[in-house]
Structure formats: structure tokens, C-alpha cells
Amino acid sequence: MPWEDKDGTRNRRTVWTIVTEPFPDAHFAVFPQALVKPCVLAGTSPQACEKCGAPWERIVERDAQPEAYDAMKYDETDPRFRTKRNMGARYQEQLNANPLKTIGWRPTCDHDNVGSADCLVLDPFAGSGTVGVVALRHGRRFLGLELNADYVAMAKRRIAGPLFAQEAGA
């Protein structure tokens with residue numbers, strides 16, 4: 001994506017450039033999947049506790065720790081770091097030079113090795129089902145709520161997979 005740096009670790013900025021997607025059904029506010037994907041991935045973990053549903057937390061490490069922000073000294077030779085305001089940029093450069101790496105995941109609850117399940121994504125305004133499509137594609141479970149019966153039917157047709165397979169058998 002154009003907002004990412006070479007290794008894909010840069011944070012998103014204020015403006016996101018996302019291309020629209022065509023959608024054949026009659027819905028006035030269909031989100032592009034590229035808009036929903038980073039939100040689903042940032043808001044969920046790939047696993048959750050099988051017993052209570054608590055998401056797992058990411059275990060990260062950094063090759064080298066940045067210098068503590070409070071311990072940084074002004075650098076009179078570099079115009080970028082002469083003021084307190086610009087010290088944040090210096091700290092950010094250190095963070096960018098040593099990005100966090102995910103080395104694993106661990107449970108956040110106290111249940112002993114009960115296994116893991118997929119995280120659940122709740123969309124209280126499911127509309128055409130974009131969040132459901134993205135959540136299922138990335139190994140999350142999905143629960144969508146929608147008042148408009150036409151939109152419910154639209155979302156069912158669009159998702160038409162593991163989410164509604166259980167409903168047919170129930």
C-alpha cells in the first residue's frame with residue numbers, strides 16, 4: 001500500500017488514500033475492504049481464549065532499545081534536534097531504525113491451556129457485510145447486527161460462507 005514504508009511498519013498518517021470498490025447491490029454506504037482490513041487487524045488478535053473469548057496479546061521485541069526520551073540531549077550541530085519540540089523526531093527516528101517484531105502471542109486471561117479460538121469481530125451496523133467479509137478472510141469470527149431486512153439479505157449473499165453455514169443447519 002502507498003502509506004507503508006519498505007517493511008510495512010510505518011504508522012498510518014492523518015489522510016488515508018484508499019481506492020473505492022464497485023458493489024453491485026443497492027447500498028448507499030459500502031466501505032472498501034482496504035479501509036476495514038487495518039481496523040479489523042489492529043482491533044483483534046489472531047487467537048482468543050476458547051473458554052472466555054479474551055483476545056491474546058502480542059509478544060514483541062526490538063533489536064536495540066532507543067535512548068530514553070528524557071535522557072536525550074539537544075544536538076546543537078543538527079538543526080533538526082536543536083529544540084525540545086524536535087526531540088520527538090529524534091526519538092521517532094530511533095524507533096523507526098529498530099522496529100518492533102512480533103515473536104509470538106500469549107493469553108491475557110488466567111485460564112490454563114484451554115485452547116484457542118478465533119477472535120470475534122462485532123459490527124453493530126453490518127449493512128452490506130464488508131466487515132464480515134474481511135473478518136472471516138483473516139481468521140476472525142463475525143457477528144453482524146442490522147435492522148434493515150434488505151441489508152441482512154445482501155450481507156448474507158455477500159458473505160455466504162462459514163458464518164451462515166451454521167444457521168442453515170440450526
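A residue is called buried when its relative accessible area is under 20%, exposed when that area is over 50%, and partly exposed in between, using a 1.4 Å probe and protein chains only. The model examined here is predicted, so local features need pLDDT of at least 70 and side-chain atom pairs count only at pLDDT 80 or more, while totals for chains, interfaces and linings use all residues. Residues are numbered from 1 along each chain as its sequence is written, and side-chain values use heavy atoms, with hydrogens and water left out.

A friendly place to begin is Thr-130. This residue lies in helix 3 (residues 130-137); helices (H or I, at least four residues) and strands (E, at least two) are DSSP runs, numbered from the N terminus. Thr-130 counts as buried because its relative accessibility is 4%. Contact here means heavy atoms within 4.5 Å. Setting aside residues up to four places away in sequence, Thr-130 touches Val-30, Phe-31, Pro-32, Gln-33, Val-36 and Arg-158.

Next comes the core. A nonpolar core is a set of buried Ala, Val, Leu, Ile, Met, Phe, Trp, Tyr and Cys residues joined through side-chain atoms within 4.5 Å. The largest one has 10 residues, among them Val-36, Val-40, Val-121, Val-134 and Phe-142. Helix 1 (33-43) and helix 3 each supply at least two residues of this core, and the largest share, 4 residues, comes from helix 3.

Helix 1 itself has three named buried residues to look for: Gln-33, Val-36 and Val-40. Viewed down the helix axis, the buried residues of helix 1 fall within an arc of 65°, so they line one face of the helix; the arc is that of the directions from the helix axis to the C-beta atoms. Their cover includes strand 5 (120-123), helix 3 and helix 4 (149-159).

Val-121 lies in strand 5 and is buried, with a relative accessible area of 9%. Beyond its neighbours within four places in sequence, Val-121 is in contact with residues including Val-40, Val-131, Ala-135 and Phe-142. Val-121 and Val-134 are 13 residues apart in sequence, and their C-alpha atoms are 9.9 Å apart in space.

Finally, the cysteines. A disulfide is counted when a pair of cysteine sulfur atoms is within 2.5 Å, and a search of the whole structure finds 0 disulfides. The sulfur of Cys-49 is 3.5 Å from the closest cysteine sulfur, in Cys-109, which is too far for a bond. Cys-49 is buried at a relative accessible area of 4%, and Cys-109 is buried at 18%.
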